[in-house]
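Please load the model in your viewer, with the sequence panel open beside it. The tour below goes from one selection to the next and says what is found at each stop.

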Amino acid sequence: MQKIKERYEGVSPKLRATFWFLVCSVLQKGISTITTPIITRLLSTSEYGQYGVFNSWLAIVQIIVTLDLTAGVYTMGLVKFREEEKVFTSSLQGLNLVLCLTWTVVYLAFHDFWNSLLSLTTVQMLAMLVMVWATAAFTFWMTTQRNQFKYRTLVIATLIVSILKPLVGILFILNSEDKVTANILGLTLVELIGYSGFFVIQMNKGRVFFSRKYWKYALLFNLPLLPHYLAGTILASSDRIMIQHMVGLSEAGIYTLAYSVSMVMSLVKDSLNKTISPHLYQCIRKKDYQSISKVVYPALIIIAIANIILIAFAPEVISIFAPKEYMEAIYVIPPVAMSVYVQFLYLSFAPFEFYFEKRIWTAIGSVSSALLNLLLNYIFIQLCGYQAAGYTTLVCYSINSMLHYYFMRKVCRTYLDDVKPYNLKILLGITGGFFAIGFIYIPTYSYPVIRFILTAVILVIVYLKRAKYLPALKKIIKK
């Protein structure tokens, strides 16, 4: 323990902060995941489906209402307006509040229409708008903390809110007949109390509510990107909404559980992306293109292995997370888990577009994939049932990755003398092998012995081939 403490104190403040920021991400997703087995046993499949649909609409509404001001525009602004950071921040907090209040007025004026369109109650809609504002207010503050490598207060705030949200939600569920609304109100209450203070802090520091300069900058920067942000959210969230309308709430609940469990692996994806992404940009800037694949290939293998483990033990995982009524979710996990891998594949191509500011190409890929997802869901959910949504998601994420591979090659031909940072055969080999193993597991879910033997064989092969990927893995960790 003493050696660990000495080593921890010896690392740079930036590296120490990066570690704690990762802890915050794990806390936010991890605690929610840990409490899922309790929630699924308190709510029926229909109620859990209703809650999943609420969260899907929340993700979409959040972007429409706030224009996603907490995303790239704020991070860029903190760099561009470094000398006036506090004023810039308070003015964007003001703009966010105005947008939220404006949409609240619009909702209240036509609440019957919006309730019918979203299949939500007035209480749920008002709670959603409060959550949209509170989450954005906190994200502004969180981004400044990350930008300044201040992690202590952020970790404490994240820990407190992450623990209280499920606890208060469960308490409200146990004391209410409308369990879904009770859970939503519990989460809203915690976020409102826990996050609103950060709005006050930043407004007091900047003391500027309206700034024509900064409001104009934020709106002109983010409005062209809105289709991209919205398309990405629709691609991730529309499945549950369409299943609710086309099949039923119970099926939406089962799908929501499978999606939530599969998205646990996004922790691995996000962690690796945050580690590798700066390295990719540095390699592009230094024209060291050969070093890119040396870290991306092993990262793809790591994500593939992590998701294969989830796919292999899907029946056992679902039995832990939910009662037997949710067991059909096991057949949704493989395609959705594969989608996590494909998302990382896209993140390996996108830096070339971002570095050379080809944002329109990014939007084309995202919007095309989202529209295709809506179309395929409409066709195949009717033909094959709600489980088809998992496969349409995988297809659309795969097409999105292929589009961005094409855009990356276009950038390389135009600006980088047609350099090839990746070997297409290697990418297809890793991806094809991962898909093959993942799909092989699906028919074995009814035969546990065969599934366990298959898993043992795969583990032996991985162990025997360790000499090929372990050195590269060590390089990723070192970087």
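In which helix does Val342 lie? Select Val342 and you will find that this residue lies in helix H16, residues 333-355, where helices (H or I, at least four residues) and strands (E, at least two) are DSSP runs numbered from the N terminus. Before going further, please note that this is a predicted model, in which local features need pLDDT of at least 70 and side-chain atom pairs count only at pLDDT 80 or more, whereas totals for chains, interfaces and linings use all residues. Residues are numbered from 1 along each chain as its sequence is written, and side-chain values use heavy atoms, with hydrogens and water left out.

**Around Val342**

Val342 is buried, with a relative accessible area of 2%; buried means under 20% relative accessible area, exposed over 50%, and partly exposed in between, with a 1.4 Å probe and protein chains only. Leaving aside neighbours within four places in sequence, show Leu394, Tyr397, Ser398, Ser401 and Phe435, which are in contact with Val342, contact meaning heavy atoms within 4.5 Å. If you then draw a distance to Leu300, 42 residues apart from Val342 along the chain, the two C-alpha atoms are separated by 9.2 Å.

**The whole chain**

Zoom out and colour by secondary structure: the protein chain has 21 helices and zero strands. Its radius of gyration is 23 Å, close to the 23 Å that the globule rule gives for 479 residues, so the chain is as compact as a globular protein of that length; the radius is taken over C-alpha atoms, and the rule is 2.2 Å times the number of residues to the power 0.38. Along the principal axes, the C-alpha atoms fill a box of roughly 60 × 55 × 55 Å. Buried residues make up 52% of the 479 residues, and among contacts with a separation of 6 or more, 80% are between residues 24 or more positions apart.

**The nonpolar cores**

Next select Met128, Ile292, Tyr341, Phe352 and Tyr422, the residues with the most contacts inside the largest nonpolar core, which has 123 residues. A nonpolar core is here a set of buried Ala, Val, Leu, Ile, Met, Phe, Trp, Tyr and Cys residues joined through side-chain atoms within 4.5 Å. Helix H14 (residues 290-312) gives the largest share of this core, 13 residues. Centre on Tyr422, whose contacts beyond four places in sequence include Leu280, Ile292, Val296, Phe352 and Met408. A second, separate core of 20 residues includes Leu67, Leu92, Tyr214 and Trp215.

Tyr74 has its place in helix H4, residues 72-80, and is buried, with a relative accessible area of 0%.

**Salt bridges**

The structure holds four salt bridges, each defined as a side-chain nitrogen of Lys or Arg within 4 Å of a carboxyl oxygen of Asp or Glu. Select Lys213 and Glu84, whose closest N and O atoms are 3.6 Å apart; this pair links distant parts of the chain, with Lys213 in helix H10 and Glu84 in the loop between H4 and helix H5 (85-109), 129 residues apart.

Then move to Glu316 and Arg451, a salt bridge in which the closest N and O atoms are 2.9 Å apart. Glu316 lies in helix H15 (residues 314-321) and Arg451 in helix H20 (residues 448-464), so the pair ties together parts that are 135 residues apart in sequence. Glu316 is partly exposed at 28% relative accessibility, whereas Arg451 is buried at 1%. A further salt bridge joins the side chains of Asp418 and Arg409, at 2.7 Å from N to O.

**Two loop residues with positive phi**

Most residues other than glycine have a negative phi. Select Ser119, in the loop between helix H6 (111-118) and helix H7 (122-147), where phi is near 60 degrees. Then select Arg207, in the loop between helix H9 (179-206) and helix H10 (212-222), which has a positive phi of about 55 degrees and is exposed, with a relative accessible area of 67%.
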